[in-house]
Amino acid sequence: MDSDRITDMSAPGGRRAINSLMPAAFALGFSTLTVQILTVRELLASSQGNELTLGALFGSWLFWGGIGSIVFNTKPLQSRNCHLARLLPVLAYFAPLTVVAFRFCRTILRLAPGEIAGFVQIAGVVLLFLAPFCFCSGAAFSAAVHRIRSTSLGSRGPAWFYAWEAAGALIGALIHRIVFAGRFNSLAIACVASAVLLSAYAALQPIFGRMHRFLLFLVVPAVFLSPLSGKADRWMDEILWPGFTILDSRETPYGKLHLISRENEISFLLNGSILSHSYDPLTAEETAHLPLGSHPDPRRVLVLEGGYSGIVPEILKHPVESVTLVLLDRSPLEMAAFDQLEHLIAGFDHPKVEVIQADARRFLEKLKSFSYDVIISCAPEPSSIAYNRFYTAEYYREIRRVLKSGGLYYFRIQSSENVFSPQQERYIRTAIGTLTAVFDEKSVLAIPGEPLGILARRDPDGPAGDPDVILRRLQLRNIESFYISDAYLPFRMNRHKLDRLEKMVLRSSFVLNRDMHPVLFTAYFDLWRSQFSGVSGFLSFRNGRYLATGMLIVVTGLFFWGRRKPLAGLYGSVSAVGFASISFEILLVLLLQLSTGAAYLRTGILLAIFTAGLLTGSTAAIRFKPAARIRVRMVGLIQIILALFILGPFYPGWSGGKIPEIFLDGFAFGFGFLGGMHFTFASRIIPDRTGYLYGFDLLGSAAGAFATAGFLIPVFGLIYVVFFLSIMLCATSLSLIILRDAGSVHGSA
C-alpha cells in the first residue's frame, strides 16, 4: 500500500515530531550555510583568491557530511531525538573553531607570505579541518530522519525535515549578506551560528523554561559580538603576517584587503595577492615611459586595475590630455588617505586624472571604438579566475577595439632574466601567444627581464619599442628619468636578448587562453608548483584525456549496473545528481567571477538562491502525489531535464563573461528546484533508506567537487565539463526510465 495515502499531517505523532524537530532542522540549515560562507571567504583569502580551491572545500564538506549520515544510519539507536539533541551543542562548539582553523590554513601549511599553495595541499588541510563539524551535521540529519520516520508522517517526514533545513540555510545566507557582511568579523558571525544551534538544543530540552531559552539565545551572541571578537580578529592577522605591521585591514566585496608595511616598504594585498608596493621608481618609470615613449603623440591614456605605485605622476610628465584610472574597488584609496599614505596614490587628484570605480571588462564593453592612444594594464598575475580574465583572447579583443590607430597596449608578467624552465616557457608562451592571436605577431614585442614587459601595437606596422626612439622622445618632451636612460634602456631592450626570447618561447605552439578555458591560470600554478615539487606535469592534457576516458567508462558501467540492480541504479542516480549539482554550483561561481569579479561576496547569495530552489522543489515534491509505479521513472525523467538545463548558462552568445547576473541567479534556482524534487521523490521510493540516500547524495557531491575543481576544469575548461556532466546524467537516468518493472526498486529495498 502507498504509505502516502494513509499519512495524516494532523495526526498527533506527526505534529509533535514536526513541532519538536523543525527548530533543530532550521538551526542546522542556518548554521551550516553560515559556516560554509565564512569558510569560503577564509579559504579564498588564504589561497590568493584561487576559486578552484572551493572545490576542495565543497568536496570535503560533502564527504564528511555523507560519512556522518551513513555511519549514523548503520546502527539503529534508541531515542534518536535525544541523540540529535546531543549533537547540536557539539556543532555549536565546532562552528567557531572551524572558522579559526581556516584562518590559520597558511600557517599550518608553513607557507611564507606570498607563497601559493597547491590544490592537493589545500584539499588535505581542508579535509582535516571540516571533519568534526561536517561529520556531526551529517549525523544530525540521519538522527532526525530516524526519529521522524517512526511517526505518522511516513515517507513525507524526512522530506519535511529536508525542506525546513533548506529554509534555515536560505535565511542564513540572506542574513549574512544583508546584516553580517561588512559589519562583523568572521569569528563573531560564527558565534551567532553557535547561538542558534544552542537555542535549538534548548528547545529540545523540557528542563529549560521559556526564560532560560530566551536568555540562552541572547547571552551567547552578546558575549562574542563584544569588542573582544574584533581584537581577536586583529591578533590572528598579526600572527598570519609575521615580521609585518598590519596598518589596516577590511572586508571588501572582492576579498580581504590588507595594508601592510615592513622596513618602510608598504604594500596593498587582496586575498594575499600583491596589488601594489610602495613607490618603486623602476616599475613606475618602465610602466609609464616604455609605452608612452613608444607612441608619437599620446593624448588619452587608460590605466586598468592599479596605479598605486607612482605610475600616474610619471604618465603626467608626457603631453597627455587625460588619464583614466579604472579600479574595481576604491577601498585602497580610502585606506591610503586614512593612514596618511598619499604617496601611494600620488597624482590621483590631478585635474587631468579621472578615477572610475568599475570592472575593467564591463568598462571596456561600454566604450566606443578608437578611444585611447595608450592602455596600460596593472592587473596582478593570473592567480585566480578573476585575474585570468585580464589575459584572455576575449579581453584582448576589447582592448584592441578601443585603441586608436597606432595605439599601444602594455602589461607585465612574471619571468626571469636568462634561463627559462619548461613551466615558465609554457606560461610566457601562452600569455604572449594569446595576445598575438588578437594583435598580430608582427605587432607584439616582448621585452626580456624580470618582469617581462609586453608591448602590442594596434596596427600591424611592426612592433613598437625601439630604445633609441623612446630615448629621443623623452628628451624632446623634457622628461627626466633615472632608469629609462642611455645606460639602462639599450641593455633592457638588447636585440640579442629579444631574438633569443623569440626563438626560445615565441615560436613554439601554445593553447589559446579563453574565458571558458583558463589555461594561463593553470600554467601559472604549474609554474609555482614546479619550484617546490615535481608533480606539476600530472594534469597534462594527455593524462587528462586518459582519466576522462576512464570516467566515461565508469559512467557506462553505472548504466548497466542500474539495469541489473534497480536499487543500485537509484543510488547511482542520486549520486550522479549530487555530482552534477555541486559541479554546476562551482561553474556558476566561476561564471559569476568572469562576469563581475565579485564572487567573494556574491557566492553566499548564489548559494542562498540555490538553496531556495532546493526548498521550493522539495516542497513541491512533497505536495505532489504520483502513483508509486511511476515514481522511479519520474526520478529518471528529472535527470534528463537536468542534463538539458545544465547547458543553459553556456549558450555561445554569453561567452566572454557577458551573461547577465539575473540569469545566473535563475539557473541556480532552477537547478536547485529540480535537484530538490529529485531527492524528495527518491526518498519517498525507499523511505526506510533515506539516510543512505542522503549519504550517497553527499558522497556523489564530494566526488564532483574534487573532480571538477581539481581536474576537469584545469585540464578541459568549462565547456567540456558541462558536456561531461550532461552525458553522465543521461547515462545514469536511462537505467531507471527503461525499467520493465519500476516496482522492483521497492521490492529490492
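**Core packing and helix burial in the predicted model**

F390 is buried, with a relative accessible area of 3%; buried here denotes under 20% relative accessible area, exposed over 50% and partly exposed in between, with a 1.4 Å probe and protein chains only. The model is predicted, so local features need pLDDT of at least 70 and side-chain atom pairs count only at pLDDT 80 or more, whereas totals for chains, interfaces and linings use all residues. Residues are numbered from 1 along each chain as its sequence is written, and side-chain values use heavy atoms, with hydrogens and water left out.

The chain has 749 residues, of which 62% are buried. Its secondary structure comprises 27 helices and eleven strands, taken as DSSP runs numbered from the N terminus (helices: H or I, at least four residues; strands: E, at least two). Among contacts in the chain with a separation of 6 or more, 78% are accounted for by residues 24 or more positions apart; contact means heavy atoms within 4.5 Å.

The aromatic residues were examined next. Across the whole structure, 19 aromatic pairs are found, where rings of Phe, Tyr and Trp (its six-membered ring) pair if their centres lie within 6.5 Å, and planes under 30 degrees apart count as stacked, over 60 as edge-to-face and the rest as tilted. One of these pairs joins F390 to Y395 in an edge-to-face arrangement, with 5.4 Å centre to centre and 75° between the planes. Y395 is buried, at a relative accessible area of 0%. F711 and F716 also form an edge-to-face pair, at 5.9 Å centre to centre and 85° between the planes. Both partners are buried, F711 at 10% relative accessibility and F716 at 15%. A single aromatic cluster is formed by F390, Y391, Y395, Y396, Y409, F411 and F439. Elsewhere, the charged end of R300 sits over the ring of Y372, 4.6 Å from the ring centre; the criterion is NZ of Lys or CZ of Arg within 6 Å of the ring centre and within 35 degrees of the ring normal.

The largest nonpolar core contains 210 residues, and I315, Y409 and F439 touch the most other members. A nonpolar core is a set of buried Ala, Val, Leu, Ile, Met, Phe, Trp, Tyr and Cys residues joined through side-chain atoms within 4.5 Å. Helix α26 (residues 690–737) gives the most to this core, contributing 20 residues. Another core, of 14 residues, lies apart from the largest one and includes L33, A163, A167 and A608. Once neighbours within four places in sequence are set aside, F439 contacts Y396, I399, R400, L403, Y409, V444, A456, R457 and R458.

Helix α16 (residues 422–439) has 18 residues, which should span 26 Å at 1.5 Å a residue; its end C-alpha atoms are 25 Å apart, in agreement. The expected span is 1.5 Å times one less than the number of residues in the helix. Because 14 of the 18 residues of α16 are buried, the helix is largely enclosed by the rest of the structure. The residue that follows α16 is D440, whose phi is positive, near 90°.

E398 belongs to helix α15 (residues 393–402). This residue counts as buried, at 14% relative accessibility. Between E398 and K366, the C-alpha to C-alpha distance is 9.9 Å, across 32 residues in sequence.

Of the 25 residues of α23, 21 are buried, and the helix is mostly covered. G672, in helix α25 (residues 661–685), is buried with a relative accessible area of 0%. Apart from neighbours within four places in sequence, G672 is in contact with F610, G613 and L614. G672 and G617 are 55 residues apart in sequence, with their C-alpha atoms 7.2 Å apart in space.

The cysteines were considered last. No disulfide, defined as a pair of cysteine sulfur atoms within 2.5 Å, is found in a search of the whole structure. C134 is in no disulfide, and the nearest cysteine sulfur, that of C136, is 9.3 Å away. C134 counts as buried, at 0% relative accessibility, whereas C730 counts as partly exposed, at 27%.
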